[in-house]
Amino acid sequence: MRGMAVTSPVQLDRQRIKELTEREAARLNERTVASQRMFERARKVLAGGVASSYQLREPWPIYLSHGEGQCVWDVDGNRMFDFHNGFGSMTQGHAHPAISRAVSERAPRGTHFAAPTEDGVWVAEELARRFRLPKWRYTNSGSESTMDAIRIARAYTGRDTVMKIFGSYHGHHDTVMVSIGVEYERIGDRENLESLPYGAGIPDEIAALTVAVPFNDAGAMERRIERLDAEGRKPACLIMEAALMNLGVVLPEPGYLEEVREITRRHGIVLVFDEVKTGLTISAGGATEYFGVMPDMVTMAKTLGGGLPSGAIGATEEVMSVVEDGSVYQVGTYNGNPLTMAAARASLSEVLTPQAYEHLHALNDRIVKGCQAVVERYNLPGYAVGIGAKGCVMFAPERIVDYETFKAHQDADLADLGWLYNMNRGVFMTPGREEEWTLSVVHTDEAVDAYVSVFDELARDLTT
Ligand SMILES: Cc1ncc(COP(=O)(O)O)c(C=O)c1O
């Protein structure tokens, strides 16, 4: 569901945005002095005071103490409705009784064997049913899933080049840390987008093996495939999110995914849908079910483990044959960990039920409509967009369809201010400008209405 950008939006006063940002940042600092103290302690031993660079924040990160249902509490005791949900992992809500029970029943019976268990078989059966792909393997994170999926695709096709969508995030291994958050001016020519390492430590030779193409442009993709083929560098796979979840939310244009499927099939390129964010959040069978387009592989993580580190790869019999015949080592000490599998089973059987998805769709409808009404009431440059449990307000005067339009139109200052407004008014959100909300099955109308009302307050303060 996507609202329309208003046709002649108000001109926002940049000075006003700056003043409000200063006011709200000061207010957040005052409310989070225990986080500040924790940061002083943490920075002595944790690099930057955090466990992952995605948790960094100036002047200090917000440290959490606990979560329950739709809420989290920070170490200052601030209670917030959680729309961050662990970067889109906690679609079940926090401390869901079914998952807590599964974990507490499993723990005293042994938490790790590095041998398969029945729960792991059950989870694979359920994933095969939901995603209509017959063969599965486990990993422990989204990055591991995309890393192994790419290796499988390379082995299956005997090729090295990997194609991805420019601006898309698929985890932190070298092959996919390419052409993500780069400056607009460095993107290069649309027909020949640059292969740019994302951060230091990635060899140029590795980055050059990954070729990015624009989202929502099947023609540009096919032309690039043909040129790569002529150079003897045909891609092994195309790895992509069917709906982009790391540039806000960007939906595929009608017919785009079908064309991508047809082109990759015609060229013998393995189509990998990275469902780390979309799988189990936008529908029971992820993007594969939602859009009705069948990839050759899917990669999953996040919501799969119900809060425990998890990941999975699903594939056709043909593609997974390179694992089954022993030519690819798809391995890992913790793959299929019993505790994770117990949590995943409880989640898939008791929590992420058909009724849960109905609830998520209804809630998302309510929040998207509510946010879109605010955009229209105040004539803001932007629009609300949502799908399943995910969505956001895109602060952009024009519709964003790919990385180029995102970089050209997204109002980053406004996105930052929106985050501060949320944090100061009981709405916990991801700090990144590229992120979106994730609803959980235990979210209520009250939480969603609180989100909309904070947005209304922001819009009012900006325009009056
Ligand atoms: C689409 C997508 N793929 C892969 C990953 C990597 O997952 P992880 O952080 O579990 O390694 C992410 C993480 O945000 C993601 O959004």
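This is a predicted model: local features need pLDDT of at least 70, side-chain atom pairs count only at pLDDT 80 or more; totals for chains, interfaces and linings use all residues.
**Notebook: salt bridges and ligand shell**

Residues are numbered from 1 along each chain as its sequence is written, and side-chain values use heavy atoms, with hydrogens and water left out.

**Entry on Glu24 and its partner**

I found a salt bridge between Glu24 and Arg27, with the closest N and O atoms 3.8 Å apart. I use salt bridge for a side-chain nitrogen of Lys or Arg within 4 Å of a carboxyl oxygen of Asp or Glu. Arg27 is partly exposed, at a relative accessible area of 33%. The two residues are three apart in helix H1 (residues 14-31), so about one helical turn separates Arg27 and Glu24. Helices (H or I, at least four residues) and strands (E, at least two) are DSSP runs, numbered from the N terminus. I also found Glu24 and Arg27 in a network of salt bridges with Arg23, Arg425, Glu457 and Asp461. The structure holds 34 salt bridges.

**Entry on pairs from distant parts of the chain**

I looked up Asp296 and found a salt bridge to Arg261, the closest N and O atoms being 3.1 Å apart. This pair links distant parts of the chain, 35 residues apart: Asp296 sits in the loop between helix H10 (286-291) and strand E9 (297-300), and Arg261 in helix H9 (residues 256-267). Asp296 and Arg261 are both buried.

I then looked up Glu436, whose side chain meets that of Lys390 in a salt bridge (3.1 Å, N to O). I list Glu436 and Lys390 as buried.

**Entry on the ligand**

I found 13 residues around the ligand, of which Gly142, Ser143, Asn246, Asp274 and Lys302 come nearest. The shell has two nonpolar, seven polar and four charged residues. A polar side-chain atom of Ser143 lies 2.6 Å from a ligand oxygen atom. For Asp274, a polar side-chain atom is 2.6 Å from a ligand nitrogen atom. Lys302 places a polar side-chain atom 2.9 Å from a ligand oxygen atom. Taken alone, the ligand exposes 390 Å², and the protein buries 85% of that.

How values were computed
Buried means under 20% relative accessible area, exposed over 50%, partly exposed in between (1.4 Å probe, protein chains only). A residue is near a molecule or strand if one of its heavy atoms lies within 4 Å of it. A polar contact is a pair of N or O atoms within 3.5 Å; within protein, one must be able to donate a hydrogen and the other to accept it, and residues adjacent in sequence count only if both atoms are side-chain atoms. Accessible areas come from the Shrake-Rupley method with a 1.4 Å probe; for residues, only the protein chains shown count as cover. Ala, Val, Leu, Ile, Met, Phe, Trp, Tyr, Cys and Pro count as nonpolar, Asp, Glu, Lys and Arg as charged, and the others, Gly among them, as polar.
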